[in-house]
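Here are some notes to read alongside the model. Please keep the structure open and look up each element as it comes up.

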Amino acid sequence: MSIQTRSAAACAIPGTPLALASSGIDACVHCGFCLQACPTYLTLEDENDSPRGRIVLMRSLVEGTLEVDDSDVRTHIDRCLGCRACETACPSGVPYGQLLEATRATLTKVRPNPFIARLILFAFATRPLLSLAMLGGRITRALGLSKLFSRLPGRIGFAMAMLESTRSPITRRSYQASGDGSRGKVAVLLGCVMEGLFTETNRATERTLTVNGYRVTEVAGQGCCGALHAHAGDDERARVLARRNVAAFEQSGAEFIAVNAAGCGAMMKEYGHLLASDSEWSARADAMSKKVRDISELLAEAGPRAGGALSNTVTYDAPCHLLHAQRVANQPLKVLAAIPGLQLTPLEGSEHCCGSAGIYNLVEPDTSDRVLVEKLKNVEATSAALVATGNPGCMMQIGAGLRRDNQSARVIHPVDLLDASYGELEAR
C-alpha cells in the first residue's frame, strides 16, 4: 500500500512536515537517473548520500522502520547540498527539494542544528545583528584584513578568502541610467549578503533595469528571504520572514520583483508552497511568487540593450538554484551576449554544484571542499580571467577557492559586467 493511501495512524510521524509532504516520496521509481547528477554521491560514493538513498531514508522515517533521532539518518540528510540537480535529471518529477526541507524540519524538532548554524540563522533573521555583521565584514575588507588573513589555514582562512572575494574585480565608469519605463514597475529584493557585501551589484541591478525600460521602485520593510532557514529545517522562522516580505512587496504595487541572488529567487518563487497551509497568507504568497523574476529573466526579456565593448575573457557557472530550482538556463548567457567584445568560454560542469549551498560550507566543510575541487579544475582549464555567476554564495565559495588555489581568475556577477558595458557605451 502506498504512503498516500495509508491512514494517519499508519504513519509513524503523523503531523510532522515530512508526513505532510510524504506523497512526494511515492513519485520516486528508484530509476537511479539522479545518481550521476548528485555531487555528494559522486564525491562520497555512498548510496545513502544520493537522492535515491535519501528518499529511502525518508520513507523509512514515515513508516517507522527508522527513528527520527537516528544519528545515521541525520548524517546523510545533513550531507545533502540541496542543489536540486536531481530534480533536473528526474523523469518522474520528484519534488526532492521540498522533501529535503520537510525532512530537515522534522529532524531538527528532535535534534536542533549545530550551534554555529543556529547562530547564523538567528543573525540573518535579526536585522540589527545582520547589519552589524555586514558592517564588520565591510570594515575588515576595507582595512585589508580579509586579504591578509585569507592565507591562514583552515576555515578561518577560507572565511577570510570568501570575504575578500566580495571585492569587485573590475573598475567601471559611472553613468546616468535612463529609460522610458515602458516595461513596467519593478521592485528589487535587496537581500542580506547582496546589500551588505555586494552593494555595488545591487546598484548595478537597478541601473541596468532602468536602461532596459523598467521603472525601479523602493520597497520599505523587506528583509531576509528565509532561504537559509528553510534549507536548514527552521521552517517556522522561514515563514515569519516570508510573511514580512509578502506584506512589504504587496505595498510596492510592483508588477515584477527582481532578484539577483539565485537562492533567494528560488525561495521567493516558492512562497506559495511555504505558506500553503496558512489560510490568511497562502493566496497572497502565491500571488507575490508569480511576480518574482531573476534579474537575467527581466533583462533577457528586454533584449537586453547592447552596451559598450569589454575585452574580458569570461566563463559562466550556473548557480544551482537558478538552473535546477528555477529552470533558468539561457537568460544569463543572453545577458552576457549583449556585451560586445566579451569572450565567453564554456565551462565544463557548469551545471554542477560548487559546494557552497548556503551555510553548507560552514557546517559540512570537508565535503564542501571536495565538491569545490572539481569546479576549480574546470575553471582553470578555461584560462578565463573572470567567472560569472549569479548567486552570492557561489561567488564567495568559488572566489575563495580560486584565491587559495593561487589561480588568477576572479568571480563576478553577470549584471556587473553588463553595467560596466553600459558605462563604456556612455563614455564613447
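Predicted model: local features only at pLDDT ≥ 70, side-chain atom pairs only at ≥ 80, totals over all residues.

1. Four strands make up an open sheet with the order β2-β1-β3-β4, and their pairing is parallel. At its edges are β2 (215–217) and β4 (292–294), each of which pairs on one side only. From one strand to the next, the twist averages 40°.

2. The neighbours of β3 can be followed residue by residue. Strand β3 covers residues 256–259 and is joined to β4 by 3 bridges, the two running parallel. Within this pair, I257 is opposite V292 of β4, and V259 is opposite D294 of β4. Another 3 bridges link β1 to β3, again in parallel. There, A258 of β3 has V188 standing opposite.

3. Helix α14 (residues 235–252) lies across β1 (185–188), β2 and β3, and runs at about 150° to β1.

4. Helix α14 also has a helix partner. Two packed helices are described by the angle between their axes and the distance between the axes. For helix α7 (residues 115–125) and α14, the angle is about 15° and the axes are 11 Å apart. The two helices therefore count as roughly parallel to each other, the cut-off for this being an angle under 35 degrees. The crossing of α7 past α14 is left-handed.

5. Which residues meet where α7 packs against α14? From α7 they are L121, F122 and A125, and from α14 they are R237, L241 and R244. Sorted by class, this contact has 4 nonpolar and 2 charged residues, with no polar ones.

6. R284 belongs to helix α17 (residues 282–289). Is R284 buried, exposed or partly exposed? Its relative accessibility is 29%, so R284 counts as partly exposed; the class takes in values between 20% and 50%. Apart from neighbours within four places in sequence, R284 is in contact with V246, A247 and E250. The C-alpha atoms of R284 and L99 are separated by 23 Å, and the two residues are 185 apart along the chain.

7. There is also an open sheet with the strand order β6-β5-β7-β8, made of 4 strands with parallel pairing. Its edge strands are β6 (343–345) and β8 (410–412), and each pairs on one side only. The twist here averages 35° from one strand to the next.

8. Inside this sheet, β5 (residues 313–316) and β7 (residues 386–388) run parallel and are joined by 3 bridges. The bridge partner of Y316 is A388 in β7. Helix α23 (residues 392–404) packs on the sheet, where it touches β7 and β8. The direction of α23 makes about 165° with that of β8.

Terms used:
Residues numbered from 1 in each chain as written. Heavy atoms only, no water. Pairing = 2+ DSSP bridges. Axes fitted to C-alpha atoms, helices over the stretch in contact; angles between N-to-C directions. Contact = heavy atoms within 4.5 Å. Buried < 20%, exposed > 50% of the residue type's maximum accessible area, 1.4 Å probe, protein only. Parallel < 35°, antiparallel > 145°, perpendicular 65-115°, else oblique. Left-handed = near helix turned anticlockwise from the far one by under 90°. Nonpolar A, V, L, I, M, F, W, Y, C, P; charged D, E, K, R; others polar.
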